[in-house]
Amino acid sequence: MQNKKHPHSFHVPVMGLAFTIDSPIKIAKYGISSVISIVDDILIEKMNEYYSKKFELPYKAISNKVEDYRAKRITSYLNTVDTIVKQKFENLKKSFEDKTSEFEKYMDMLPDFSELKQNFIETIQHNTVKEDIQNWIQQNLVAGSIDVNIMTKLDKVNYNKKEALPSEFNDAHAALRGFANSNLDSSVVLSAGMNPRLYAYFENFNDFFPNEEGYLKKKIILKVSDYRSAIIQGKFLAKKGLWVSEYRIESGLNCGGHAFASDGYLMGPILEEFKNNKENLIDEVHAILIDALKSKDKTIPNKPLNLGITVQGGVGTHEEHEFLLDNYNIDSVGWGSPFLLVPEATTVDVKTRETLAKADEKDLYLSNVSPLGVPFNSLLGSTNEIIKNQRINANEPGSSCPKKFLTSNTEYTDIAICTASKQYQTKKIQELKEENLNSEDYSKRLEKITDKTCLCEGLANAAFLNYSIDKKGSDEGIAICPGPNMAYFTKEISLKEMVSHIYGKTNVISYQNRPHMFIKELAMYVAYFSERVEEVKESFNAKQEKYLNNFQNNLNDGINYYHNLFSTTKEAFENNKEQLITELERLRQDLFKIEIPIFVKA
């Protein structure tokens, strides 16, 4: 039912830049794993200073004049987090005799089916010697993992004056080096697709290679959207002697942050394919790994390495959580957006948390604000949106772009700039004015330009605000990126309440008609498909026709899968089977009402 190494069957995924930047410090002592974004070394340096002072640890500032400062800042902060978590965890283990102690909270939050909890109850029933119980605690309690996330495509080239530095100083490469050189015994989550050069760079760090027992000090987790992507990337890394310890499947649309939509492949069928092919995946990739390790004269593990399959995106009830674990043999389920309402777990400023709690379905939407050009989950009424619109209304659109993590455009410059920057938007708007468009077309094109917002600042600012940390530059407000599931959580929640909700001990959702996660994702894909059809009508071609037909067929295959699942899985769906099937058929009708144009060759 759960991975024995981890006491919980859920994890907290990476959220934004600030929202999980210090989550391990808050929750790892309770055995809960979480993920830190290591994109923003400026924020990371400030957090290192803040927590070093708070816990009276040695701190030495790392200036951006220092060689390899980005990697060094990341290493230093991760080591600080590791030290604090270990210290807190040791204190928790020593507190087992105290009433209302941290140890008691640790045990209380474990699910009732937890092997660890059952073993502890048995231990105290058969042991009255304090020393024996303390020894059991030392040997059996496990802290949550301090994992990190790297968006593989955020691999900007860096410069010394105007000279490009070697690729190992690119943003993602430096972030990886920062993690690899840290003391952590944990995982790096690679998201946003394949970066062959970055993947090859892993070979430089021994911690990613196994010993004879198959132990990996540092592990690789790949965030993937389907089985094909998993096996391609898994094999690519295995050829370099690198093992993927976990495939983390995320919904393409029913998730937070950037939404990397699939071609109509739905969560249920994807999980089914992983379940049916897991052993084949292990065998195929492991054989390649062993050959690569032999050719590199590396240590050969004496048994196949462990492989975990996890999932995240839109889960919101205990029933959904249990179904994913049991039906698809999932090792852990990611709970993201709901934790934004848990101050004990995430870093969100008070005003933004209040806006989140009040948000309903219409306030949570896919926007075009990201400079990456990828749909981005947004919150109506965020302070980042308000400030951006104030600038637009004052005819001063665009950000000063102080951090430059999302720079990618070279239309006007040799060195890439950001499409949310004042520099880019000013040039683009001037170009637009010279086209002499009618007012309607001009307004549409102008909105596409000025819609882009500064996410580097917006996604980091909550930490500066929350901890009263001074920062330079203009105010970009707070941008936050919850998934659609946020609409059904309507109040600030304590950590204990949230964990109890996940394990079915309580229910924090008061919303009456929350759709099942599979139905919600399907509805989002039908709407997304409709938008894609409208988008291509003006410049339609044979390739687009093939893509849209394939997309529609994939969605229909997913509907057929769910129809069979809801009809035959009696225990999980016996109370709402008819309603789910009715919703499926309504969405099928909506899908086929969308007419794909027929391409006629001129």
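Residues are said to be in contact, or to meet, when heavy atoms lie within 4.5 Å. The model is a predicted one, and every value below is computed from it. In this model eight strands close into a barrel with parallel pairing, in the order β1-β2-β3-β6-β7-β8-β9-β10, and from one strand to the next the twist averages 30°.

**A helix pair: α20 and α22**

- Helix α20 (residues 542-568) packs with helix α22 (residues 577-593) at an angle of about 165°, and their axes are 10 Å apart.
- Since angles over 145 degrees count as roughly antiparallel, α20 and α22 are therefore roughly antiparallel to each other, and their crossing is left-handed.
- On the α20 side the residues that meet α22 are Gln552, Leu555, Asn556, Ile559, Asn560, Tyr562, His563, Phe566 and Ser567, while α22 contributes Lys577, Leu580, Ile581, Leu584, Glu585, Arg588, Leu591 and Phe592.
- Sorted by class, this contact of α20 with α22 is made of nine nonpolar, five polar and three charged residues.
- As background to such lists, residues three or four places apart in an α-helix point the same way, because the helix has 3.6 residues a turn.

- Strand β3 (residues 146-151) has six of its six residues buried, so the strand is largely enclosed by the rest of the structure.
- Both faces of β3 are covered, with Ile146, Val148 and Ile150 buried on one side, and Asp147, Asn149 and Met151 buried on the other.
- With strand β2 (residues 33-37), β3 pairs in the parallel sense over four bridges, and Ser34 has Ile146 of β3 as its bridge partner.
- With strand β6 (residues 187-191), β3 is joined by four bridges, again running parallel, and Asn149 has Val189 of β6 as its bridge partner.
- Strand β6 is in turn joined to strand β7 (residues 219-224) by four bridges in the parallel sense, where Val189 stands opposite Ile221 of β7.
- Two helices lie across these strands: helix α3 (residues 69-94) lies across β2 and β3 and runs at about 155° to β3, whereas helix α7 (residues 171-180) lies across β3 and β6 and runs at about 165° to β3.

- Apart from neighbours within four places in sequence, the residues in contact with Asn254 are Gly313, Gly314, Pro484, Asn485, Met517, Lys520, Glu521 and Met524.

**Helix α13**

- In helix α13 (residues 383-393) the buried residues are Thr383, Asn384, Glu385, Ile387, Lys388 and Arg391.
- These buried residues of α13 pack against several elements, namely α12 (350-358), β11 (364-367), β12 (376-379), α15 (439-450) and α16 (455-458).
- After α13 comes Asn395, whose phi is positive, near 60°.

**Two further asparagines with positive phi**

- As a point of reference, most residues other than glycine have a negative phi.
- Asn329, in the loop between α11 (318-328) and β10 (332-334), has a positive phi near 55°, and its relative accessibility of 47% places Asn329 among the partly exposed residues.
- Asn436, in the loop between α14 (422-433) and α15, likewise has a positive phi, near 55°, and with a relative accessible area of 69% Asn436 is exposed.

**Lys570**

- Lys570 belongs to helix α21 (residues 570-573), and at 62% relative accessibility Lys570 counts as exposed.
- Lys570 and Glu272 are 298 residues apart along the chain, and their C-alpha atoms are separated by 17 Å.

Key. Residues numbered from 1 in each chain as written. Predicted model: local features only at pLDDT ≥ 70, side-chain atom pairs only at ≥ 80, totals over all residues. Heavy atoms only, no water. Buried < 20%, exposed > 50% of the residue type's maximum accessible area, 1.4 Å probe, protein only. Pairing = 2+ DSSP bridges. Axes fitted to C-alpha atoms, helices over the stretch in contact; angles between N-to-C directions. Parallel < 35°, antiparallel > 145°, perpendicular 65-115°, else oblique. Left-handed = near helix turned anticlockwise from the far one by under 90°. Nonpolar A, V, L, I, M, F, W, Y, C, P; charged D, E, K, R; others polar.
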